[in-house]
Amino acid sequence: MTPEEDGIRCMLMRGGTSKGAYFLAEDLPADPAERDDLLLRVMGSPDARQIDGVGGAHPLTSKVAVIHPPDGPDAAVGYLFLQVQVGEALVTTRQNCGNILAGVAPFAIERGLCAVGGDTTEVRVRMLNSGGAATAVVDTRGGRVRYDGATVISGVPFPAAPVTLYFSGTEGSTCGSLLPTGSARDEIAGVEVTCVDNGMPVVILEAASLGVTGYESPAELEADAGLKAKVEEIRLRAGELMGMGDMRETTVPKMTLVAPPREGGVISTRTFIPHRVHTSIGVLGAVTVATAVLIDGSVAAASAALPTGDTLRIEHPTGYFDTSVEMAGGRVRRSGVVRTARKLFDGRVWPRPA
């Protein structure tokens with residue numbers, strides 16, 4: 001029987017506030033076109049319900065992680081993130097996903113790619129989409145990955161074991177520089193924006209400049225056709241200014257509307273990803289917004305209330321996201337977040353017949 005007839009090894013995991021299918025690279029076709037075709041059939045795209053696959057009918061639950069065994073001098077596992085579009089037959093590698101990253105180290109340990117190191121295990125991860133690096137610290141008490149714990153993150157209703165992520169080399173990882181346009185502030189389509197990339201290309205806009213408060217629910221923002229059209233116009237023009245070219249068929253840059261904080265954080269956010277509004281905020285998106293808060297003259301800095309400590313709490317529709325960013329001389333040294341992950345099932349998945 002062929003691998004498709006016999007099923008393909010797959011682990012479904014919640015990573016942060018996303019959910020995705022995790023595969024070893026060796027279990028998927030090496031040719032990208034064949035791989036993408038297979039994954040569309042696995043996830044159930046193109047179909048708005050993804051009823052004939054394991055996708056969850058939303059960009060946040062239609063994600064794939066492809067994991068390569070450790071190699072190179074740093075013995076890091078390779079992590080390729082694939083965003084599988086829901087309603088169209090498209091798979092893109094144009095961005096990272098820090099939420100799905102939270103499940104990479106547990107998956108690598110479960111699959112025997114990395115040995116348990118004690119009560120906690122550090123796993124180095126190369127983010128193949130952009131070339132950045134991360135270190136994940138996983139709870140491995142008892143000699144195995146532990147998913148039970150008391151850590152709660154906004155956007156996930158139940159507690160789990162923490163997965164701490166430290167990032168390095170993410171500054172300008174997609175666009176080549178922290179401020180891809182060379183400026184902390186630009187005007188696009190009559191709106192002042194900050195274009196920034198610390199692991200995720202993000203365009204930051206003051207919510208009030210678009211005629212909204214920035215405290216609306218995702219459903220309210222998605223129902224505003226005029227707002228969505230304006231955000232998309234700015235996104236496409238920003239993509240060109242950021243050196244990424246034509247972004248019509250991609251999910252980057254992310255578009256984050258900001259407003260002054262209302263719940264004790266440093267800033268309030270609503271993020272278009274890009275055509276739906278995130279119910280929280282992505283990991284690297286939050287890190288990039290936190291970085292922008294620290295940049296003099298940025299749109300984010302103008303709305304922010306800086307804390308006295310090191311934690312930069314980013315408010316979002318369902319709570320908050322705590323980040324840390326170390327900067328020196330206008331350069332990012334390191335950033336970090338705490339996420340959780342949970343194994344949902346492990347077995348084989350059968351794609352829709354070609």
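Author: Residues are numbered from 1 along each chain as its sequence is written, and side-chain values use heavy atoms, without hydrogens and water. In this predicted model, local features need pLDDT of at least 70 and side-chain atom pairs pLDDT 80 or more, while totals for chains, interfaces and linings use all residues.

Reader: How many aromatic pairs does a search of the whole structure find?

Author: Rings of Phe, Tyr and Trp (its six-membered ring) pair if their centres lie within 6.5 Å; planes under 30 degrees apart are stacked, over 60 edge-to-face, and the rest tilted. Here the search finds one pair. Y22 and F107 form it, tilted, with 5.8 Å centre to centre and 40° between the planes.

Reader: Is Y22 buried or exposed?

Author: Buried means under 20% relative accessible area, exposed over 50%, and partly exposed in between (1.4 Å probe, protein chains only). Y22 is buried, at 0%, and F107 is buried at 0% too.

Reader: Which ring does the charged end of R262 sit over?

Author: A charge sits over a ring if NZ of Lys or CZ of Arg is within 6 Å of the ring centre and within 35 degrees of the ring normal. R262 has its charged end over the ring of Y215, 3.9 Å from the centre. R313 lies over the face of Y320, at 3.6 Å.

Reader: How many disulfides are found?

Author: A disulfide is a pair of cysteine sulfur atoms within 2.5 Å. The search of the whole structure finds zero. For C114, the nearest cysteine sulfur, that of C10, is 19 Å away.
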